[in-house]
Amino acid sequence: MKRKITVIGSVNMDLVTLADRTPKAGETILGKAFHTIPGGKGANQAVAAARLGAEATFIGCVGDDDFGRLLTQRLRDEGINIDYVKPVTHVSTGIAAITISEGDNRIIVVPGANSHVTAEYVQKHEEVIAASDAIVLQLEIPVDGVKKAMELARKHRVKIILNPAPFQVLSKEMLLLADYLTPNEHEQAELLATGNWTEAEREEILQKCIVTRGAAGASIYQNGEKLIPGYPVEAVDTTGAGDTFNGALAFSLSGKADLEEACRFANAAGALSVTKLGAQGGMPSSEEVAEFLQRQEG
């Protein structure tokens, strides 16, 4: 049976500009290229899971505009169930303005219709969440919608992966609902610096953390900190690498892999994803990840 992964989150059109360097404040420079590329952390994670072979369902909102129609069709083309993607009238689809230069990226997100993925909207889809093996969430939609999805998943004993990005201060109650938290190293530092944690609460949160460290790999904390090494590749575009990691992690954990094995799989998927342009451009299939791992570890 296919692994059922439901992603509740954002869908954006990425407006990508490539340049030799990032302009200084007030400066205008000539860019090298411009692309409109489907994105949004939620949609990216759903595509990553679907490409790997999951039965992926997406819950979210788009605007009643050309971007919304294009993005919905793109999800459908990837084999993702879009029955729960709602077009919102008189609202623009979310966008992300991305500048890529010197091997890195800078991103500004305008949520648009993503702001309509509220607790009330999520509640309507309890049956979908209940039927999932795992749900994946991020913070480009309202926090009340994220929390409601987590409460429903916990109620139905569905695995919860929360990618706390872009970083926001979250309640202890909400963080403790997650089975896994997947911050990058900067988000982890902010997460642990906010709130008055007791030592026991801090340890409980750390136990849930899988900290992504880019090319270095990912750290887990179940018996002290352990780094699961990454895989060196020639990076073309790092946009979406973390989203690929999250989709691959959900896929692997839903297949009953242990945490270390799931992180190795997710590291490999993330490495492959940065070898092509666009958040979704390099997201691999399970066969591609398996072949990559065989080459790396053989």
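This is a predicted model: local features need pLDDT of at least 70, side-chain atom pairs count only at pLDDT 80 or more; totals for chains, interfaces and linings use all residues.
Figure 1. Strands β12 and β13 run antiparallel and are joined by four bridges. One of the residue pairs to look for is G217 with P229, its bridge partner in β13. The two strands form a hairpin with five residues between them. In this hairpin, G224 takes a positive phi near 80 degrees.

**Figure 2. Pairing of β11 and β12.** Strand β12 (residues 217-220) also pairs with β11, in the antiparallel sense and over three bridges. Within this pairing, V211 has S219 of β12 as its bridge partner.

**Figure 3. The sheet formed by β11, β12 and β13.** The three strands make up an open sheet in the order β11-β12-β13, with antiparallel pairing. Which strands stand at the edges? They are β11 (210-212) and β13 (226-229). Each of these has a single partner strand, so one side of each is left without a neighbour in the sheet. From one strand to the next, the twist averages 25 degrees. In a regular strand, side chains alternate between the two faces of the sheet.

**Figure 4. Helix α10 against the sheet.** Helix α10, made up of residues 259-273, lies across β11, β12 and β13. The angle at which α10 runs to β13 is about 40 degrees.

Figure 5. Rolling a probe the size of a water molecule over the atoms shows where empty space is left. In this model the count comes to one cavity of 30 Å³ or more. The volume of the largest cavity is about 30 Å³. Which residues line the largest cavity? The lining consists of F167, Q168, V169, L170, L175, L191 and T194. By class, five of the lining residues are nonpolar and two are polar, and no charged residues take part.

**Figure 6. T28 in the loop between β2 and β3.** T28 is placed in the loop that lies between β2 (12-18) and β3 (33-39). Is T28 buried or exposed? Its relative accessibility is 75%, and T28 therefore counts as exposed, the cut-off for this class being over 50%. T28 and T6 are 22 residues apart along the chain, and their C-alpha atoms are separated by 42 Å.

Conventions:
Residues are numbered from 1 along each chain as its sequence is written. Side-chain values use heavy atoms; hydrogens and water are left out. Two strands pair if DSSP finds at least two bridges between them. Axes are lines fitted to C-alpha atoms, for helices over the stretch in contact, and angles run from 0 to 180 degrees between N-to-C directions. Contact means heavy atoms within 4.5 Å. On a 1 Å grid over the protein atoms alone, a cavity is a set of points where a 1.4 Å probe fits but cannot get out, and a pocket is an open set with protein on both sides within 12 Å along at least five of seven lines; lining residues have an atom within 4 Å of a point. Grid points are joined across faces, edges and corners, and a volume is the space filled by probe spheres set on the points. Ala, Val, Leu, Ile, Met, Phe, Trp, Tyr, Cys and Pro count as nonpolar, Asp, Glu, Lys and Arg as charged, and the others, Gly among them, as polar. Buried means under 20% relative accessible area, exposed over 50%, partly exposed in between (1.4 Å probe, protein chains only).
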